[in-house]
Amino acid sequence: MLNNTVNANKAFGVSESNSSSTAENRHPNPLPPLQDRHGRTFDYVRIAVIEQCNLRCTYCMPEEGVRFKEKDMVLRTDEILRIVDILARMGVRKVRYTGGEPLVRPDIVEIVERTVQTPGVKAVHMTTNGLLFPKYAKDLRDAGLFGVNISLDSLREDKFQQITRRSGLDKVLESIDLAVELGFPRVKVNVVLMRGFNEDELIPFCELTRDKPVTVRFIEFMPFDAHQIWETGQHFASAADLCSQIEAHYAGSGINPASGTRTEHHIYQVPGYAGKIAVIPAFTRSLCGNCSRIRVTADGNIMNCLYSEVPYHLKDLMRNGASDDDVVALFRKAFDEKYKDGFEAKKAASIAAKINVSDIDRARASMTQIGG
Ligand code: SAM
Ligand code: SF4
């Protein structure tokens, strides 16, 4: 373990919303920022560090798992850190580790710690299902992890088991409390709200914010569920509908709009409550104009949009001896070619799929491979 105090201070001393780089943490070898032809700047990378997972959420992965890549097909630690360093030179300030389940990867604490130490990086976050979080929470905090998003879709054990096909609700609830107790500056709870599954828990989830200083985020169900239930068309609940229900329920309380991140378009705070409520239009895509995200899949491809099906083969390039300039050029190409929004990206993907459905279509089947 490196210097814990330095790590923690570095991470906790910065404001995530302040994306301008200060002299002290600017990368010593900077490059022009990563931008696209629509005038957007990309300063936030989400890296999936593993495809495997210890849950089998119905809206994400089939019971038998997806066709996991062999170990050597997944990014190695030195490759992840090289990507982070190059992106930090291009102005990336925020890094999120996701998966699959990132805490299943044995070297995850080391990856977080070394990312925190990377010049230019201001905040490192993680999205986790929370099952293994109690085991690693203290080490992650010492390593300087800034934010933790814990995914939870039901507050009832029977429903939790039905959605995740595993037990463990107690552990996830423990993880949320522990993250608050340990003083992580950002603690969020991700809920995929679906009709016929957990729509009746909208208000109980909002009520978590009464005492807990966390943001509960309702994320629209997206068509990355390995073709399990999306296609029935029965489970989607729109952000607009969720907002109406929240506003109607709390109308008498004087519920207020609150400030959130660039993708938290609808954000509220009930007066007197400790936490916030956010609704994320992940499928209706009203947030694309503010997109600042770069995605790197566990098997080492750059994705310029969640809805794009064009992978840019970063891992292969690096393993073929690419220089840093070559890596920079691939990121620039990927973002030069980014569509205006997720609808255009999806349309282009549908046209491409008619020509060649095989590899691309299968690779995009589950969120566990893309990283959420
Ligand atoms: N295993 C970790 C977890 O569940 O938090 C990290 C990976 S998971 C793919 C990241 C996020 O994507 C989770 O919050 C999960 O709920 C969300 N997600 C997965 N499949 C989804 C889908 N089809 N629609 C919307 N969100 C989805
Ligand atoms: Fe695993 Fe996360 Fe997918 Fe659930 S949503 S199966 S926890 S990767």
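This is a predicted model: local features need pLDDT of at least 70, side-chain atom pairs count only at pLDDT 80 or more; totals for chains, interfaces and linings use all residues.
Trainee: How much of ligand 1 does the protein cover?

Mentor: Taken on its own, ligand 1 has 540 Å² of accessible area, and the protein covers 95% of that. Strand 3 (123–128) and strand 5 are the elements that give two or more residues to the shell.

Trainee: Which residues come nearest to ligand 1, and how does the shell divide by class?

Mentor: Tyr59, Gly100, Ser151, Asn190 and Met222 come nearest, out of 18 residues around ligand 1. The shell has 9 polar, 7 nonpolar and 2 charged residues.

Trainee: Turning to helix 8, which of its residues are buried?

Mentor: Helix 8 spans residues 239–249, and its buried residues are Ala239, Leu242, Cys243 and Ile246. These cover an arc of only 100° around the axis, so they sit on the same side of helix 8.

Trainee: And on the other side, which residues are exposed?

Mentor: Ala240 and Ala248 are exposed there.

Trainee: What covers the buried residues of helix 8?

Mentor: The cover includes strand 5 (186–193), helix 7 (202–207), strand 6 (215–220), strand 8 (266–269) and strand 9 (276–280).

Trainee: Finally, how many helices and strands are there in the protein chain?

Mentor: The chain has 13 helices and 12 strands, and 55% of its 372 residues count as buried.

Methods:
Residues are numbered from 1 along each chain as its sequence is written. Chains are lettered from A and ligands numbered from 1 in the order in which they are written. Side-chain values use heavy atoms; hydrogens and water are left out. Helices (H or I, at least four residues) and strands (E, at least two) are DSSP runs, numbered from the N terminus. Buried means under 20% relative accessible area, exposed over 50%, partly exposed in between (1.4 Å probe, protein chains only). The arc is that of the directions from the helix axis to the C-beta atoms. Contact means heavy atoms within 4.5 Å. A residue is near a molecule or strand if one of its heavy atoms lies within 4 Å of it. Accessible areas come from the Shrake-Rupley method with a 1.4 Å probe; for residues, only the protein chains shown count as cover. Ala, Val, Leu, Ile, Met, Phe, Trp, Tyr, Cys and Pro count as nonpolar, Asp, Glu, Lys and Arg as charged, and the others, Gly among them, as polar.
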